Amino acid sequence: DDEKDIKLNKYVLYQNYPNPFNPSTQIDFYLPSSSNVQLKIFNLLGEEIAQLVNEEKPAGKYEVNFNASSLASGVYIYKIQAGGFVSSKKMILLK
């Protein structure tokens with residue numbers, strides 16, 4: 001399905017890999033056109049833990065590494081906002 005999404009020129013936020021992870025994981029996303037991108041990590045209380053991306057990016061596929069060595073084990077949410085697209089997914093930190 002991922003390749004189909006890219007051919008359809010849709011924004012895509014992929015599941016992080018590996019998941020569960022310790023202490024770092026990779027988050028990939030795809031932009032069909034140049035967009036102002038914000039990629040943030042939140043805890044389950046909705047508190048912002050980290051901002052990984054906050055800039056204009058050209059169309060393409062991106063990989064962002066997130067190191068959670070300073071965080072406690074648990075479930076975290078990562079959320080992307082790009083153009084009018086908003087998506088979030090869960091990831092699990094297991095120490």
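Strands are DSSP runs of E of at least two residues, and helices are runs of H or I of at least four residues, both numbered from the N terminus; two strands are taken to pair if DSSP finds at least two bridges between them. The structure is a predicted model, in which local features need pLDDT of at least 70 and side-chain atom pairs count only at pLDDT 80 or more, whereas totals for chains, interfaces and linings use all residues. Residues are numbered from 1 along each chain as its sequence is written, and side-chain values use heavy atoms, with hydrogens and water left out.

An open sheet is formed by four strands in the order β4-β3-β6-β7, with antiparallel pairing. Its edge strands, each of which pairs on one side only, are β4 (48-57) and β7 (85-93). Neighbouring strands of the sheet are turned against each other by 15 degrees on average, direction ignored; such angles run from 0 to 180 degrees between N-to-C directions, with axes fitted as lines to C-alpha atoms.

The pairing of β3 (residues 35-42) with β4 is antiparallel and comprises eight bridges. Within this pair, Phe 42 lies opposite Glu 48 of β4. Strand β3 is also joined to β6 (residues 74-82) by six bridges, again in the antiparallel sense, and Ile 77 in β6 is the bridge partner of Phe 42.

Strands β6 and β7 pair antiparallel over nine bridges, with Gln 81 opposite Val 86 in β7. The two strands form a hairpin with two residues between them. In the turn, Gly 83 has a positive phi of about 60 degrees.
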